[in-house]
Amino acid sequence: MTVKNKFHVIQTTFDLSLRRRETKQSSTLDHRSLIEEIDSLLQNKKNVSVQSIIKDFPKSALLEQINHIRICETDSSCEMKHVDVSLVQPEYYVYQLESYGSVIDELSEGEEDIPAGTHWILPSTEFDDIWENLIYDTPIKEQLLKFVSTTLLFSDKGINKNIISWNKVILLHGPPGTGKTSLCKALAQKLSIRLDSRYKYAQLVEINSHSLFSKWFSESGKLVQKMFSKISDLADDKQTLVIVLIDEVESLTSARESSSSGSDPSDAVRVVNAVLTQLDHINKYSNVLIVTTSNISGTIDLAFVDRADIKQYIGLPSRAAIYQIYHSCINEMKRTGIIVDSEMIFTLRELQTTNMILNDATRLSVLLWEIAGQSVGLSGRTLRKIPFLAYALYADMSIISLAKFLPAMQKAIEKQKQERVEICTKSNH
């Protein structure tokens, strides 16, 4: 939805998650009637919170089909926490999560079957809520959505690729544990929802880079060709959106200059050549997006790097991002009843408006800000383990107050840092 005033324009959307029904009759839900009833319901609300979820609905045959409504903010410059629904022009996306899980794609190599990839139908229950819970210091999520929108626009307008070039390839690089792979999967999930009116189906194919290296001489390049041939077969259906994820892409695209200095470089070079050739071939499909990650981007062949339209570094979280990660973790523990008291943690924006002044209202939030400072240098993956470790190692009761839980988090952080030092010390000897 779009909120307009004389200061700025706020872009937000409503995502409507449907309950999965087993009967054919309920699966043919009239989305237009549903949206009209949802719109009427929201108009009766004075304000809705941005980035919130609505789950309670009046009794209605249509509304019984709704699992929840998510109010999604897509304008990173927006400072508003609430919007007046009566002033907006809503934009709705209706979707239903698939619960089939993943399927292994196998390729034949001689008498063996190689697990060459993993396949999901989107949107999937497996990736629900990942997008909203990924926190970065840059507006990378919004930029990725705009990038995809631009690729579709240029394709629809018939832009001559010999004049203006784009490859629909994204490279996310940075240290391990910073959420690169999660962001790729979350992007695929979000696109399957946002582009539902354009594509009848959406599929995510994760290529198993390590399995594509054959133990048989010179076969790896052929396996790459076979895998991309399967992707081309999917893309031939213009009603299907295909997102291809290549995790740790350096496994398939190691720089050919360094490979040529090895004792038996030919197969590695063939693999890189095969990947580059297949990327150029797949580029003709407007309904295919390639998303890749790398922990050691300096080893990637420059010809691949040059094909990536977006090369985004994903670093370790800043103190502000860490605070927001911990804030979401604490709210989840409150929601499930593990933390049981009424004391609230301010959002980072709310805490900043107080200038970090310590008083009875802000004391726990200020303590969490200190804890965030102590956590700088830890990866996002480690940060999200801290609440679990704090409870497992330092909570002496089944339910705990927030005032007692925060010191437990400090102990867990200190333990993580100590363990890292010990590991580094041993590896250096």
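Is Ile 163 buried or exposed? I looked this up first. The model is predicted. Ile 163 has a relative accessibility of 68%. The cut-off for exposed is over 50%, so Ile 163 counts as exposed.

I then located Ile 163 in the loop between helix 4 (140-156) and strand 11 (169-173).

**Entry: the core**

Next I turned to the largest nonpolar core. It has 33 residues. Those with the most contacts inside it are Ile 207, Leu 212, Val 244, Ile 246, Val 288, Ile 290 and Phe 304. I checked which elements give two or more residues to this core: strand 11, strand 12 (201-207), helix 6 (220-235), strand 13 (240-246), helix 8, strand 14 and helix 9 (302-307). Helix 8 gives the most, with 7 residues.

Leaving out residues up to four places away in sequence, I found Val 244 touching Val 205, Ile 207, Ile 231, Val 288, Leu 289, Ile 290 and Val 291.

**Entry: Asn 287**

Where does Asn 287 lie? I found Asn 287 in the loop between helix 8 (266-282) and strand 14 (288-294). Its relative accessible area is 1%. Buried means under 20%, so Asn 287 is buried.

I looked for a polar partner of the Asn 287 side chain. One of its polar atoms lies 3.1 Å from the backbone oxygen of Ala 235. Ala 235 is also on the contact list of Asn 287, which leaves aside neighbours within four places in sequence.

**Entry: backbone geometry**

Which residues does a cis peptide bond join? I found Leu 122 and Pro 123, with omega about -5°. Pro 123 sits in the loop between strand 10 (112-122) and helix 3 (130-133). Asp 129 lies in the loop between strand 10 and helix 3. Its phi is positive, near 75°. Asp 129 is partly exposed, at 30% relative accessible area.

Met 356 also went into my notes, with a positive phi of about 60°. I placed Met 356 in the loop between helix 11 (348-353) and helix 12 (363-374). Met 356 counts as partly exposed, at 28% relative accessibility.

Technical notes:
Residues are numbered from 1 along each chain as its sequence is written. This is a predicted model: local features need pLDDT of at least 70, side-chain atom pairs count only at pLDDT 80 or more; totals for chains, interfaces and linings use all residues. Side-chain values use heavy atoms; hydrogens and water are left out. Helices (H or I, at least four residues) and strands (E, at least two) are DSSP runs, numbered from the N terminus. Buried means under 20% relative accessible area, exposed over 50%, partly exposed in between (1.4 Å probe, protein chains only). A polar contact is a pair of N or O atoms within 3.5 Å; within protein, one must be able to donate a hydrogen and the other to accept it, and residues adjacent in sequence count only if both atoms are side-chain atoms. Contact means heavy atoms within 4.5 Å. A nonpolar core is a set of buried Ala, Val, Leu, Ile, Met, Phe, Trp, Tyr and Cys residues joined through side-chain atoms within 4.5 Å.
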